[in-house]
Amino acid sequence: MANPLDTDAGSELFSSYEAELKLVQADLNQKLDQISELSGEPRKSAIRLAERTLDEANELLGQMRIEKQNIPSATRSKANQRFRNFESDIDAQKRKLKTMSDDRKALFGNRYSDNPDHDQQLEQRQQLLSGTERLDRSSQRLRDSQRIANETENIGRDTLADLQLQRETIQHTRMNMLESEGYVDRSVKTLRGMARRMATNRIITVAIITVLVLLIFAVIYSKFH
């Protein structure tokens, strides 16, 4: 059975990633619009920036794919629909960026060459830079995930401490109740003993009075006879 805390945390994280992805998508659209107006080195720099932004969008999309599994089933269908919309938009942006990257004439400007070796070296350099940047972002993402895990662990530890304190309080209250029941039992026994003594005293008093009355009658009888 899923923990309600886990499902709430899943919804919160999904919404957080969703808001962040919207900002990244808006930034990526702006970069794509700028690329179409550039050529040469500025265009290559803009493409690299757009590729980094696209990688960041894909990473956020991957986090959303994981977190949507923790969303309650009652609202998961809406989350799945939003996720598919994001996925479709990012695929369209990826295709647009690839088209711009394949435009060698605009990419290299007057230095454009059909030399495959030169193009391959440039492509390898770009891939190396892009891979390094992706690794840095992945490391940062891992640090963020570790931080969230540590915070979650601290919250869980505090919750367990609170539950332990509540358990001790309940046990203490139960012991007080048992002790109170013991006092009540002893009080009832004392009252019963007092009632028995009162009844005994009443019987003795009645017996004494009866004896005295009989003695009086005996004395009176003896005087007249």
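How many residues does helix α3 have, and how far does helix α3 reach from its first C-alpha to its last? Helix α3, residues 73–102, has 30 residues and reaches 43 Å, close to the 44 Å expected at 1.5 Å a residue. That expected span is 1.5 Å times one less than the number of residues, and helices here are DSSP runs (H or I, at least four residues), numbered from the N terminus.

Before going on, note that this is a predicted model, in which local features need pLDDT of at least 70 and side-chain atom pairs count only at pLDDT 80 or more, while totals for chains, interfaces and linings use all residues. Residues are numbered from 1 along each chain, and side-chain values use heavy atoms, leaving out hydrogens and water.

Now look inside. Among the buried residues of α3 are Phe83, Phe86, Ile90 and Leu97; buried means under 20% relative accessible area, exposed over 50%, and partly exposed in between (1.4 Å probe, protein chains only). Ile90 and Leu97 are also among the residues with the most contacts inside the largest nonpolar core, which has 22 residues. Such a core is a set of buried Ala, Val, Leu, Ile, Met, Phe, Trp, Tyr and Cys residues joined through side-chain atoms within 4.5 Å. Helix α2 gives the most to this core, with 8 residues.

Asp55 has its place in helix α2, residues 40–67. Asp55 counts as buried because its relative accessibility is 12%.

Terms used
Helices (H or I, at least four residues) and strands (E, at least two) are DSSP runs, numbered from the N terminus.
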